[in-house]
Amino acid sequence: MSQLMLTYSLVVAQALLELAIGCGALRIFLGPRAQDRVLGFDTLSVNAMLLLLTVGIRTGEALYFEAALAMGLFGFVGTVALAKFLLRGELIE
Amino acid sequence: MTRLLPFPIVSVCLLALWLLLNQAVSFGHILLGCVVALVGGRILTVLELPPVRVRRPGVILRLLGLVTMDIVRSNLAVGRIVLGFGRRQRRPGFVEIPLDIRNPYGLASLACIITSTPGTLWVNFDAQRGALTIHVLDLVDEEEWVRTIRDRYERHLLEIFE
Amino acid sequence: MKGIEHLPPWAAVLTAVFLLTGAAVTLIGSLGLLRLGTFYERVHAPTLGTTLGTVFIAAASMICFSVLQTRAVLHEILIVVLGIVTTPIALTILVGAARFRDTAERAQPAEPQDK
């Protein structure tokens, strides 16, 4: 019974997180200005990290944790690089 | 001590990071983690950072508790705003707050606290005037925000860092 | 390695509740990205997912794997710390960039656009 509940809630949680990723993607497409698109990218990468953790629980595979960690780090570095680019127009000074 | 371990807090964090990543507390991993911690601490000296002095661990714990409580509370508040409950006139806006704290680590901690609390956002700090600008999602009373930041966070950070 | 069907009932229920709460909080935050009007309001939205959303989902993962492997699996703490430390930095730089662009545009309004 409780196992069934966990299986269903894993599917639901995955769907919710995919919707959240969709929101980020929509903001990247809509974003009236460049900073909105960067913000959408940041949200998308955080949500993708959480989705990877959820997939890890579902499959019981501990390796997804490393993928989530890498996703979070790349999202952070990417956001900072894009924001720097908006600030100056060039990345390496 | 200072030659071998210029940044003791960073080195301890690096060792903890190594052990957590490897999920093992064996002698070999502790040895490797110590090497990582020592080398990492030495590399940081190249950046010529000002020395860190952290005092009063009790105050740090109290501040952590306060921040956790505020994060949970403002999560609920922002969630309500996004979903559109209690639809009254909401006014977002900028607030200017005079600060006494000048320690760069204290300011960095304050920036992290303010930005990671949903509903408030660190925008700019004018070092000459000592004026901090934050953006607030639901601005009811400017005076109250000035009081919140100064009494709740800045006072504790001053005790810790200065 | 054992799968989730070997979890005892209390752990399964706890994992499910934490997962759903975390995912719902994250979704609400991301919805704010679409529903709020201006850029400075929208920057507040993703912090919901990076604070409570991450904490809940990491807690679910910690409970699940700790019970399955019958030892304390704590490395999800790293993800929580990573989220709480890095997001403010990224958002603060982004807001600084946005403000810079806004003031730069306001400074020369009569300048003709490139395209």
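Modeller: Start with a bridge in this predicted model. B:Pro98 has B:Ala131 as its bridge partner in S3(B).

Biologist: What makes S1(B) and S3(B) a pair?

Modeller: Two strands pair if DSSP finds at least two bridges between them. S1(B) and strand S3 (residues 131-136) of chain B have six bridges, in the antiparallel sense. Therefore they count as paired.

Biologist: What is the strand order in the sheet?

Modeller: The order is S1-S3-S2 in chain B, an open sheet of three strands with antiparallel pairing. Strand S1 (93-98) and strand S2 (120-126) of chain B are the edge strands.

Biologist: Which helix lies across S2 and S3 of chain B?

Modeller: Helix H4 (residues 104-116) of chain B does, and H4 runs at about 150° to S2(B).

Biologist: Where does B:Asp141 lie, and why is B:Asp141 called partly exposed?

Modeller: B:Asp141 sits in the loop between S3 and helix H5 (142-161) of chain B. Its relative accessibility is 33%. Buried needs under 20%, exposed needs over 50%. The value falls in between, so B:Asp141 is partly exposed. B:Asp141 is 46 residues from B:Val95 in sequence, and their C-alpha atoms are 9.7 Å apart.

Biologist: Now C:Arg42. Why is C:Arg42 called buried?

Modeller: C:Arg42 has a relative accessible area of 4%.

Biologist: Which residues does C:Arg42 touch?

Modeller: Leaving out residues up to four places away in sequence, the contacts include A:Arg27, A:Pro32, A:Asp36 and A:Leu39. C:Gly32, C:Leu33, C:Leu36 and C:Gly37 are also among them.

Biologist: How much space lies in the largest pocket, and which residues are closest to its centre?

Modeller: The largest pocket holds about 2200 Å³. Of its 48 lining residues, the closest to the centre are B:Ser109, B:Cys112, C:Val81, C:Ile84 and C:Val85. Elements giving two or more residues to the lining include H4 and H5 of chain B and helix H4 (76-107) of chain C.

Biologist: How far apart are the centres of the two domains of chain B?

Modeller: The assignment gives domain 1 (8-47) and domain 2 (57-161). Their centres, taken over C-alpha atoms, are separated by 33 Å.

Note on methods: Residues numbered from 1 in each chain as written. Chains lettered and ligands numbered in written order. Predicted model: local features only at pLDDT ≥ 70, side-chain atom pairs only at ≥ 80, totals over all residues. Heavy atoms only, no water. Buried < 20%, exposed > 50% of the residue type's maximum accessible area, 1.4 Å probe, protein only. Contact = heavy atoms within 4.5 Å. Domains from an automatic or database assignment. Helix = DSSP H or I, 4+ residues; strand = E, 2+ residues; numbered from the N terminus. Axes fitted to C-alpha atoms, helices over the stretch in contact; angles between N-to-C directions. 1 Å grid on protein atoms, 1.4 Å probe; cavity = no way out; pocket = protein on both sides within 12 Å on 5 of 7 lines; lining within 4 Å. Points joined across faces, edges and corners; volume = space filled by probe spheres on them.
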